[in-house]
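These are my notebook entries on the structure shown below. I set out what I looked up, entry by entry.

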Amino acid sequence: MQLNLNSIIHQLTNSAGSAVDKNAQTSNAAPNVSNNVQNVQPNTSTGNALLQNMLAGDTFTGKVISIKDSMALLMLAGGDFVNAHISNGSSVSIGQNLTFLVEQNTQQNISIKPLTMNEQQAFLINKALDAAGYSLNDSNIQIVKELIGMNMPIDAAMIEKMITSANEFPQANLKTIANLIRLEMPITQDNIMQFEAYSNYQNSISSELNTMGEQFSQLFTNIIGNEAAMQNSATANNEVLANNLAKLQNFNMQQASMLNDIVNTLYQNTSYQNTTYQSGLQEAVLSQPLNQVLSDEQMQTLENTIHPLLSESPDNEQLQTISNALGEKSLTTNQLLSNLTLLLKNNPEFASKLSTLGESSIMEKLFSQMINETMKLTPADVAKEDGIKNYYKRLKQSLEKLTSDGRESALPQELSKSMNEVKANIDFMNDLNKNMTYVQIPIQLKNSETNGELYVFTNKKALAKGADNISAMLHLDMEHLGPIDIYVRLQNKNVSTNFCLESEELLDFVYAHIDKLDARLQALGYSTSFEMKLNEPEDKFDFVEDFVEKDISKNSTSQFILDIRA
C-alpha cells in the first residue's frame with residue numbers, strides 16, 4: 001500500500017487564505033536594560049505617572065531590575081520604569097517577572113506587594129466575574145479557571161458563552177466546551193459526544209462501519225427467523241394469533257424491502273447502472289467475485305441452498321440470476337445480496353429455507369464485505385486527487401439517503417443509531433478541519449483492513465500557502481502488524497521519519513523493508529532519514545493534549561492581568 005503524504009495533505013487543505021507578508025516582522029521584546037542600571041538610573045517619570053494613576057487593589061506586571069532597602073526599580077511591559085516600595089515580608093529577586101498588587105498609593109508613597117500564582121489567579125477570577133456581572137461561586141470560578149488555562153479571553157462575552165453552554169449541557173466536561181468554542185465549532189450534543197469520544201480513543205469510523213455490517217447481518221437473520229416461526233404457527237386455529245402473524249409478516253416484508261433498498265443504495269444499483277455517480281465523485285462501486293470472499297466450504301453451502309430452491313421454483317428471476325452467476329463463477333457480493341433481499345421482499349415463503357446461510361456465517365461475511373466495498377477507502381481512492389474528500393462526501397450522501405424520507409423510523413434502533421454516529425463523526429471532522437488538519441482513513445486492503453488517522457501539526461493558513469516545514473503523525477491500526485505511529489517532518493525536500501512500533505519483531509520487519517521506502521522517496525527527489533523505536537506506554541499519543549491543545553501555553557495567568565482593567 002502506498003500512501004503519499006504530500007498528496008494526502010494537499011487533498012485536505014484549502015489553498016485559499018489571506019496573504020501574509022513573509023518579510024513583515026513584529027517584535028514585542030522589551031527594551032534592553034544594561035546590567036549597570038544602579039550606576040545610571042533610568043528615567044522613571046513616565047512610569048511613575050502611570051503607577052500614580054492606579055488605585056489600591058489594582059495590579060500590574062513588571063520585571064525587577066534592582067532592589068535596595070525595600071525600594072524596587074521595576075520595568076513595565078511597555079518598557080517604562082517605576083520606583084515603588086515593596087511591602088514588608090515580601091521576597092523578590094532581581095530578574096523576576098511578577099504581578100504586583102497596589103496596596104497603598106499616596107503622594108508620599110506607593111507600596112506594592114507581589115502576588116503568588118494562586119493569589120494572582122484568585123484575584124483575576126474575582127475581577128473577571130465581577131466585571132462580567134456573575135457571582136463568585138464554585139461553578140463560575142471553575143469556568144474562568146478553564147478559560148485561563150487555555151489562553152482564552154475572559155471578557156464578559158466569553159464568560160457568558162461558557163456559562164450558558166455549561167448550563168445547557170450540564171453533563172459535558174468544561175474542557176470540552178472550552179475547546180469547541182476555541183476551535184469555533186458549534187456547541188451541540190453531537191459535537192460534545194464526538195469530542196469526548198475522540199478524547200477517549202472511541203472515535204474510529206472504521207469500527208462504527210464494522211458494527212453496521214454486523215447489524216445488517218442480524219437484520220437478515222431476524223427476517224429469516226421470523227418467517228420460520230410464522231410458518232410453524234400458521235396452522236394454529238386462533239384468530240388473535242392469526243392477526244399477530246399477519247402483522248408480523250407485513251413487518252417482515254417491510255424490513256426485507258428496507259434491506260434491499262440499503263444494498264441498492266450502497267452499491268448504487270438502481271440509479272446509476274454501474275456507470276458513474278451522478279455527483280461525479282468517483283467511479284461506480286465495484287464488487288469482488290464471491291469466490292474471493294467466501295471459503296470453498298461456504299461456496300458449497302450456498303450452492304446447496306440455492307439449487308434446490310430453483311428446482312422448486314424454476315421461474316423465479318432472483319434464483320435464476322444467482323444460479324447462473326454461480327455456474328459461471330462470476331457471482332459477486334453485490335449480485336447475491338441484492339437478489340437475496342429482493343427474494344425475501346417478493347417471496348417471503350422462501351425465508352425459512354435460507355436459514356443455512358445464517359447458520360454458516362455466510363451472511364455475516366457478505367454484509368461485512370458490502371461495508372468494505374461500499375463504505376471504506378481503497379489504496380486507489382487515496383492515490384486519487386481529492387480521493388479522501390470525495391470518499392467522505394459519498395459516504396455521507398449514502399447515509400443521508402438511507403435515513404431520509406421517513407426511512408429512519410423503519411430502521412432498527414441500534415442500526416439507526418450507528419448510522420447517525422457515523423454522520424456525526426464526519427460532521428465533527430469537517431468542523432475540526434476548518435482550523436486543524438485531521439482525517440481518518442479507513443482503508444480496505446485486498447485481504448485485510450487498516451484504519452489510519454492523519455494529524456498534521458502546522459498552522460492551517462501556513463499549510464494552505466504551502467508551508468516549507470510540515471510535521472505530521474500517521475497512526476495506523478494494522479490487522480496483522482498492530483498499531484503503528486509514524487511521525488514525519490518535511491522541510492523542503494528533507495524528510496525525517498520516526499517509527500514507533502509495538503514489538504521487537506515489528507522493528508526487525510520495518511528494518512528489513514525500509515530500503516524500499518527510502519528508494520521510493522529518493523526517486524521523488526527527497527533526502528531521507530529514519531529512526532525506529534518501541535512505543536512506550538508514556539509515549540501514547542493524546543488527541544487533546546498532543547494535538548488540539550498542542551500550542552497552548554500552560555502558564556498564562558499573568559497575561560490577563562493588564563487586560564482585565566479594560
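I count a contact where heavy atoms lie within 4.5 Å. With that criterion, among contacts in the protein chain between residues at least 6 apart in sequence, 63% join residues at least 24 apart.

**Entry 1. Source and conventions.** I note that this is a predicted model, in which local features need pLDDT of at least 70 and side-chain atom pairs count only at pLDDT 80 or more, while totals for chains, interfaces and linings use all residues. Residues are numbered from 1 along each chain as its sequence is written, and side-chain values use heavy atoms, with hydrogens and water left out.

**Entry 2. The chain overall.** I took helices (H or I, at least four residues) and strands (E, at least two) as DSSP runs, numbered from the N terminus. The protein chain has 21 helices and eleven strands. I then looked up burial, where buried means under 20% relative accessible area, exposed over 50%, and partly exposed in between (1.4 Å probe, protein chains only). Of the 566 residues in the protein chain, 46% are buried. Accessible areas come from the Shrake-Rupley method with a 1.4 Å probe, and for residues only the protein chains shown count as cover. The protein chain exposes about 29,400 Å², of which carbon and sulfur atoms supply 46%.

Entry 3. Two packed helices are described by the angle between their axes and the distance between the axes. I used axes that are lines fitted to C-alpha atoms, for helices over the stretch in contact, with angles running from 0 to 180 degrees between N-to-C directions. Angles under 35 degrees count as roughly parallel, over 145 as roughly antiparallel, 65 to 115 as roughly perpendicular and the rest as oblique. Helix 3 (residues 117-132) packs on helix 4 (residues 138-149) at an angle of about 110 degrees, and their axes are 10 Å apart. Helix 3 is therefore roughly perpendicular to helix 4. For handedness, a crossing is left-handed if the near helix is turned anticlockwise from the far one by less than a right angle, and right-handed if clockwise. The crossing of helix 3 and helix 4 is right-handed.

I next listed the residues that meet: Gln121, Leu124, Ile125, Ala128 and Leu129 from helix 3, and Asn140, Ile141, Val144, Lys145 and Ile148 from helix 4. They divide into seven nonpolar, two polar and one charged. In this classification Ala, Val, Leu, Ile, Met, Phe, Trp, Tyr, Cys and Pro count as nonpolar, Asp, Glu, Lys and Arg as charged, and the others, Gly among them, as polar.

I followed Lys145, which lies in helix 4. Lys145 counts as partly exposed because its relative accessibility is 35%. Leaving aside neighbours within four places in sequence, Lys145 is in contact with Gln121 and Ile125. The C-alpha atoms of Lys145 and Gln121 are separated by 8.0 Å, with the two residues 24 apart along the chain.

**Entry 4. Helix 11 and helix 12.** The axes of helix 11 (residues 317-327) and helix 12 (residues 333-346) come within 9 Å and cross at roughly 155 degrees. Helix 11 is therefore roughly antiparallel to helix 12. Their crossing is left-handed. Helix 11 contributes Gln318, Leu319, Thr321, Ile322 and Ala325 to the contact, and helix 12 contributes Gln335, Leu336, Asn339, Leu340, Leu342, Leu343 and Asn346.

**Entry 5. Positive phi.** Lys329 lies in the loop between helix 11 and helix 12. Although not a glycine, Lys329 has a positive phi of about 55 degrees. Lys329 counts as exposed, at 63% relative accessibility. Asn151, in the loop between helix 4 and helix 5 (156-168), is likewise not a glycine and has a positive phi of about 60 degrees. Asn151 counts as partly exposed, at 29% relative accessibility.

**Entry 6. Ile86.** I located Ile86 in strand 3 (residues 81-86). Ile86 is buried, with a relative accessible area of 3%. Not counting residues up to four places away in sequence, Ile86 touches Ile67, Ser70, Ala72, Phe100, Ile112 and Pro114. The C-alpha atoms of Ile86 and Ile110, 24 residues apart along the chain, are separated by 8.7 Å.
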